[in-house]
Amino acid sequence: MRSRQYEGIEAGRRRPAKREVPEVAVERGLVVEDSEGRFCGAVVGYEKGAVTLEDRHGKRRVFPLAPAAFLLEGRSVTLIPPAPAAPAGPGRTASGSVAAPASERGRAKVARASRIYVEGKHDAELVEKIWGDDLRDVGVVVEYLEGIDDLPAIVKGFSPAPGRRLGVLVDHLVTGSKETRIAASVRSPDVLIVGHPFIDIWAAVRPAVVGIAAWPDVPRGQPWKEGVLRAIGWPPEVPAAWQRILRSVSSYADLEPELLGRVEELIDFVTMPGSA
């Protein structure tokens, strides 16, 4: 009798509901922590059921995608493989443009007389990574100036004309800046100078892509890149930091709209009918 009563009590007890752990698809730049709280970093790679995280010091570790193995904003999650790429449709370049047919890719093209100038090497490398396929398809060469202090003389030496247009991308083109004053001194219907508001091209990369919440403010009078590296805790080597940033960028979606629109505007300007 006692046994029956005991069994009845056990059967009547309400078992606590099993808490469901949400599933989150692996995405480059997603910042997570392992479930034991020993390593926190941004997703920089995925392969064969394992994810690679990189912390703010550049250290990397590989973790298997086990159930409830990670914390996202302090809550337990299960990372799952990224969604497969959408099939069908024409191929796309990193800029989102429709890629040229495979039969035409790599075919040599005569470079246009028209050019696009950017301020520095980092700017040129970023433009090449995202718009390189598009620019090669239309025969446009990108060159860098190492600053724009001598821009009026450089433009004069280029000798712009209707069939020889020049587009210039300027960093920190905001009201009252030195860059804005220099740009205003150049006047030619065959020259288009546009700019983005960021003090450096680094900041045109979305922060989450490199695993940070925001690009830090650096006090005036301090070198910006070095100040950024100190603030986010990266090693103080600027070239290595830039390569790390550049590796994190894979498509136009990784860049801020303020840069995307300006580069597209320059490409349209130097390739419009009548330009060579």
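**Largest pocket**

I looked up the lining of the largest pocket: 20 residues line it, and Glu-119, Gly-147, Asp-171, Asp-200 and Lys-225 lie nearest its centre. Helix 2 (121–138) and helix 4 (178–184) are the elements that give two or more residues to that lining. Helix 2 has the largest share, with 3 residues. I noted the volume as about 470 Å³.

Before going on, a note on the source: this is a predicted model, where local features need pLDDT of at least 70 and side-chain atom pairs count only at pLDDT 80 or more, while totals for chains, interfaces and linings use all residues. Residues are numbered from 1 along each chain as its sequence is written, and side-chain values use heavy atoms, with hydrogens and water left out.

My terms for holes: on a 1 Å grid over the protein atoms alone, a cavity is a set of points where a 1.4 Å probe fits but cannot get out, a pocket is an open set with protein on both sides within 12 Å along at least five of seven lines, and lining residues have an atom within 4 Å of a point. Grid points are joined across faces, edges and corners, and a volume is the space filled by probe spheres set on the points. Helices (H or I, at least four residues) and strands (E, at least two) are DSSP runs, numbered from the N terminus.

What classes line the pocket? I get 5 nonpolar, 4 polar and 11 charged residues. Here Ala, Val, Leu, Ile, Met, Phe, Trp, Tyr, Cys and Pro count as nonpolar, Asp, Glu, Lys and Arg as charged, and the others, Gly among them, as polar.

Next I traced an open sheet with parallel pairing and strand order 9-8-10-11. Strand 9 (141–144) and strand 11 (191–195) are at its edges with a single partner strand each, so one side of each has no neighbour in the sheet. Neighbouring strands are turned by 20° against each other on average, direction ignored. Pairing needs at least two bridges found by DSSP between two strands.

Strand 8 (residues 115–118) and strand 10 (residues 166–170) run parallel, joined by 4 bridges, and Ile-116 stands opposite Gly-167. On to strand 11: 5 bridges join it to strand 10, with Leu-192 as the bridge partner of Gly-167.

Helix 7 (residues 257–271) lies across strands 8, 10 and 11, at about 170° to strand 10. Axes are lines fitted to C-alpha atoms, for helices over the stretch in contact, and angles run from 0 to 180 degrees between N-to-C directions; contact means heavy atoms within 4.5 Å.

Strand 2 (residues 31–34) and strand 6 (residues 70–72) pair in the antiparallel sense over 2 bridges, and Asp-34 has Phe-70 as its bridge partner.

**Cavity**

Strand 3 (40–47) and helix 6 (238–248) each supply at least two lining residues.
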